[in-house]
Amino acid sequence: MEWFIIDEKNGFKYELIGDYYYPTGRRMKGGLLSPTECSKESSAEEEVIIGPWSQRHLNFIKEHRPGFYLELFASDKANTYLAEVERESSELFLRLVKEMSSQEGVTERLKAKNQMLWIQQMNNIRERATEIVNGELIFV
């Protein structure tokens, strides 16, 4: 199966995701794209790194909000949307970890004095921050 096809009737480009072709929202001249054309087109687009936060969010909307999921890919806004989710989630997570660790006195002095206690407390803080980010940005 080809990764990309173009409908000759309407000129829309479709991308293979799983077992189904989804529209990308772009009109092309017609016909199938060769692998070299696919690689040229994908390299011309801006590279966006999709990290763990946005992957989690994408899986959530794919399962629980299929209409929104299809709309993202049909309008070709998925990469920018997921990049924004990744940026916001990472910033919130880092800010929460920093604030919680300073409030609870988990410092470098504690790390030098008792490493196991520092690891235990930092893991606890990271898990709580992850739950907050998941609840506010990822699973909504």
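Before using any helix label, I note that helices here are DSSP runs of H or I with at least four residues, numbered from the N terminus. The model is a predicted one.

I began at the end of α4, where Gly105, just after the helix, takes a positive phi of about 75°. I then looked up the helix itself. Helix α4 covers residues 78–103, which is 26 residues. From first C-alpha to last it reaches 37 Å, close to the 38 Å expected at 1.5 Å a residue.

Which residues of α4 are buried? I listed Ala78, Leu82, Val85, Glu86, Ser89, Leu92, Phe93, Leu96, Val97, Met100 and Ser101.

Next I turned to α2 and α3. Helix α2 (residues 52–64) packs with helix α3 (residues 66–74) at an angle of about 120°, their axes 5 Å apart. Angles over 145 degrees count as roughly antiparallel and 65 to 115 as roughly perpendicular, so α2 is oblique to α3. From α2, the contact uses Leu58, Ile61, Lys62, Glu63 and His64; from α3, it uses Pro66, Phe68, Tyr69, Leu72 and Phe73. I sorted the contact residues into 7 nonpolar, 1 polar and 2 charged.

Last, I checked burial in α3. Its buried residues are Tyr69, Leu72 and Phe73. Seen down the axis of α3, they fall within an arc of 90°, so they line one face of the helix. Just after α3, I found Asp76 with a positive phi of about 60°.

How values were computed. Residues numbered from 1 in each chain as written. Predicted model: local features only at pLDDT ≥ 70, side-chain atom pairs only at ≥ 80, totals over all residues. Heavy atoms only, no water. Axes fitted to C-alpha atoms, helices over the stretch in contact; angles between N-to-C directions. Helix = DSSP H or I, 4+ residues; strand = E, 2+ residues; numbered from the N terminus. Parallel < 35°, antiparallel > 145°, perpendicular 65-115°, else oblique. Contact = heavy atoms within 4.5 Å. Nonpolar A, V, L, I, M, F, W, Y, C, P; charged D, E, K, R; others polar. Expected span 1.5 Å × (residues − 1). Buried < 20%, exposed > 50% of the residue type's maximum accessible area, 1.4 Å probe, protein only. Arc of directions from axis to C-beta.
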